[in-house]
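Hello,

Here is the structure you were waiting for. Please open it alongside the notes below.

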Amino acid sequence: GIFIVILTVTTLKILIYTLLSPEFRIFFPQLTGVLTLAFFIHNCVITLLKNNRNQEKNVRDLSIAYFLVSLTYLYVGVLIFASFPSPPLSKECIEQNFLDNFPSNDIMSFLARIFLLFQMVTVYPLLGYLARVQFLGHVFGNVYPSFFHVLVSNIIIVGTGIAVARFYPNIGGIIRYSGATCGLAFVFVYPSIIYIISLHRENQLTWFTLISHFLIILLGVANLMAQFLI
């Protein structure tokens with residue numbers, strides 16, 4: 001009887017250890033890279049909303065947009081993760097592109113790819129506009145310097161996307177690498193430096209503030225370096 005109890009407890013421990021995710025994993029910088037991209041997106045939101053006709057409705061429109069996007073990603077992510085057959089398969093087998101989890105002859109996944117194509121047709125020009133406005137606006141002081149500048153900018157943007165899709169079609173890696181790189185500047189470095197300069201001009205800068213914001217910048221650098229080490 002005691003042997004059966006011990007065997008049952010041991011079996012339950014093995015099942016719990018197998019089914020439950022560990023509280024800490026060495027691969028957590030992959031998540032921090034993605035989260036940094038979420039903060040970096042705020043830079044694009046400012047570019048979009050500054051052309052809104054009714055500026056007083058920006059908060060409402062942005063709240064609705066964030067709610068719908070969060071609902072969409074949570075629905076897809078939770079549904080795929082919960083319905084994935086584990087066991088016998090491991091959750092690690094889930095592909096970065098959730099459509100790759102379905103066979104190529106699946107009708108529903110084929111229709112989903114068609115709808116995804118229509119989404120990219122509308123979203124990609126918007127992303128190209130954001131990149132063009134921010135880059136050309138800061139470099140040349142004009143969002144439309146000339147037709148040649150815009151043409152070269154669009155060729156570089158489209159060519160970069162095609163090259164990445166051809167040689168590195170890993171959406172998760174792209175998100176965390178780009179998020180950690182761009183987030184280092186717009187999330188960690190620029191806000192800290194601007195705040196330090198502002199306090200220095202007002203003669204309110206202290207050593208504690210300087211060191212704490214320097215550590216924030218180092219945290220962003222460590223986040224970027226961790227993406228290439230994990």
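For "transmembrane region", the unreviewed UniProt entry lists residues 27–49, 61–82, 110–131, 143–168, 174–198 and 205–226. Those positions are in the numbering used here, feature names are shortened, and annotations may be inferred rather than shown by experiment.

A word on the source. This is a predicted model: local features need pLDDT of at least 70, side-chain atom pairs count only at pLDDT 80 or more, and totals for chains, interfaces and linings use all residues. Residues are numbered from 1 along each chain as its sequence is written, and side-chain values use heavy atoms, with hydrogens and water left out.

Two of the listed spans, checked in the model:
- Residues 143–168 are 81% helix and 0% strand, with end C-alpha atoms 30 Å apart.
- Residues 205–226 are 91% helix and 0% strand, with end C-alpha atoms 31 Å apart.

Overall fold. The chain has seven helices and zero strands. Helices (H or I, at least four residues) and strands (E, at least two) are DSSP runs, numbered from the N terminus. Of the 230 residues, 18% are buried. Buried means under 20% relative accessible area, exposed over 50%, and partly exposed in between (1.4 Å probe, protein chains only).

Helix 4. It covers residues 107–140. Its 34 residues reach 48 Å from first C-alpha to last, close to the 50 Å expected. That expected span is 1.5 Å times one less than the number of residues. Helix 4 bends by about 25° at methionine 120. The bend is the angle between axes fitted to the seven residues ending there and the seven starting there. Buried residues in helix 4 include Ser109, Gly128, Arg132 and Gln134.

Surface patch. Ile107, Met108, Phe110, Leu111, Ile114, Phe115 and Phe118 form a nonpolar surface patch, with about 780 Å² of accessible area together. Areas come from the Shrake-Rupley method with a 1.4 Å probe; for residues, only the protein chains shown count as cover. Patch residues have over 30% relative accessible area and no salt bridge; like charges are joined within 9 Å, nonpolar side chains (Val, Leu, Ile, Met, Phe, Trp, Tyr) within 5 Å. Phenylalanine 110 is partly exposed, at 49% relative accessible area.

Salt bridge. The structure holds one. The side chains of arginine 60 and aspartate 61 meet in it (2.8 Å, N to O). The cut-off is a side-chain nitrogen of Lys or Arg within 4 Å of a carboxyl oxygen of Asp or Glu. Arginine 60 is partly exposed at 48%, and aspartate 61 is partly exposed at 27%.

Best wishes
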